[in-house]
Amino acid sequence: MSGIRMKEQIFDTIRHLDENRIVSDEELKELLTTQNEKAIDELLKRARNKALKQFGNKIFIRGLIEISNYCWNDCFYCGIRHGNEKVERYRLTREEILSCCEQGYQLGFRTFVMQSGEDSYWRGKRMEELVSTIRRKYPDCAITLSLGEMTKEMYQRLYDAGANRYLLRHETAEKSHYEKLHPKELSFEQRRQCLLNLREIGFQVGSGFMVGSPYQKLDYLIRDLRFLWELQPHMIGIGPFLSHKDTPFADKENGSLERTVRLIAILRLMFPKSLIPATTALGTIASDGRERGILAGANVVMPNLSPQKDRKKYMLYDNKIATGEEAAEGLERLKERIKAIGYEIITARGDFVS
Ligand code: 5AD
């Protein structure tokens, strides 16, 4: 095939993805690997326009509260894995969490995301009581949880207590890859089952994966996209893998900024209505990472509301940004940065609208 013919073809593929939301595996691979700058620009531009059409130039904000860095799991990539003895462990108290919510509410946040390692403390009855307290105090806010795997009954009780959304990345849709990233106690099937359970209960569900995690292959990324297509999650979070010095993956190469941005664009075209954050990992790998995510179709940012004193302890990877615009105190600066690229932060709850 001549160069020109090839060139035309990739533009056709991009148009097809834009119009029909789905293209073949081979075409997805081509989109992920092409070095044709014009085609990449076209992909990002179409994704940006898709988000603009759906959401206008509005970016939703979520207040992230990292409620505990205790974790009984030992995921090879994660800085707060159980086996990392260098981590200074903390749990926020009920009062601290409620005060984060109050501060967040005053700043205009209408979604609180409570995230934690898999910790027995912030689970079960204690967590249910916290959720119902927050639900009573802030009836106009969305409560998002990101607390890892649980039984369906536990998820149901948290939902009944007033939680609306749940984030649980599938991490990788290829079983053999999942097993290279996690110890044998963790199961690929169980992870998937959790996501199905959450959806069945009625949560707005968020999933996602790391880009460039060790042993990832191009084929696996295609599988990730296909898995998400089947799941049709309301929220999709992706970020580059970033190594952490005190994990078994200390020496592994970081994921790529460009590939992450390109995947955000593909996801936006596949899932026009989904809520796609410009993640902290993206903001960590490059100082303008989150802006680049937004310009490729992301429409959510999640500033950190956790107490300053504990923020450095929630280090999933080295150099995680923890003091600047990603934090609630930096909200004004974040607003400025977002304004500088033509967007505006809004405080609406920002539920998924089908
Ligand atoms: N690099 C990038 N992302 C990571 N996560 C955990 N460890 C890392 C890392 N080293 C992501 C996982 C998890 C989410 C909370 O953070 O995808 O689901």
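How many helices and how many strands does the secondary structure of the protein come to? The model, which is predicted, has 14 helices and nine strands.

## Overall form

The protein has a radius of gyration of 19 Å, close to the 20 Å given by the globule rule for 354 residues, so the protein is as compact as a globular protein of that length.

Of the 354 residues, 59% count as buried. The accessible surface comes to about 15000 Å², and carbon and sulfur atoms hold 49% of that surface. Among contacts with a separation of 6 or more, 76% are between residues 24 or more positions apart.

## The ligand and its surroundings

The shell around the ligand is made up of Y77, C78, Q115, R169, E171, M210, P240, F241, L242, L316 and Y317. By type, eight of the shell residues are nonpolar, one is polar and two are charged.

Polar atoms of Y77, R169 and E171 lie at the following distances from atoms of the ligand.

| Residue | Protein atom | Ligand atom | Distance |
|---|---|---|---|
| Y77 | polar backbone atom | nitrogen | 2.9 Å |
| R169 | polar side-chain atom | oxygen | 2.9 Å |
| E171 | polar side-chain atom | oxygen | 2.5 Å |

Taken alone, the ligand exposes 400 Å², and the protein buries 87% of that area. Y77 takes part through its backbone, whereas R169 and E171 take part through their side chains.

## A residue in strand β2

I65 sits in strand β2, which covers residues 63-68. Is I65 buried or exposed? The relative accessible area of I65 is 0%, so I65 is buried, the cut-off for a buried residue being under 20%.

Which residues does I65 touch, leaving aside those up to four places away in sequence? The contacts of I65 are L92, I97, C100, C101, F112, V113, M114, Q115, L305 and S306. One of them, Q115, is also among the residues around the ligand.

I65 can also be placed relative to S207: the two residues are 142 positions apart in sequence, and their C-alpha atoms are 18 Å apart in space.

Note on methods:
Residues are numbered from 1 along each chain as its sequence is written. This is a predicted model: local features need pLDDT of at least 70, side-chain atom pairs count only at pLDDT 80 or more; totals for chains, interfaces and linings use all residues. Side-chain values use heavy atoms; hydrogens and water are left out. A residue is near a molecule or strand if one of its heavy atoms lies within 4 Å of it. A polar contact is a pair of N or O atoms within 3.5 Å; within protein, one must be able to donate a hydrogen and the other to accept it, and residues adjacent in sequence count only if both atoms are side-chain atoms. Accessible areas come from the Shrake-Rupley method with a 1.4 Å probe; for residues, only the protein chains shown count as cover. Ala, Val, Leu, Ile, Met, Phe, Trp, Tyr, Cys and Pro count as nonpolar, Asp, Glu, Lys and Arg as charged, and the others, Gly among them, as polar. Helices (H or I, at least four residues) and strands (E, at least two) are DSSP runs, numbered from the N terminus. The radius of gyration is taken over C-alpha atoms; the globule rule is 2.2 Å times the number of residues to the power 0.38. Buried means under 20% relative accessible area, exposed over 50%, partly exposed in between (1.4 Å probe, protein chains only). Contact means heavy atoms within 4.5 Å.
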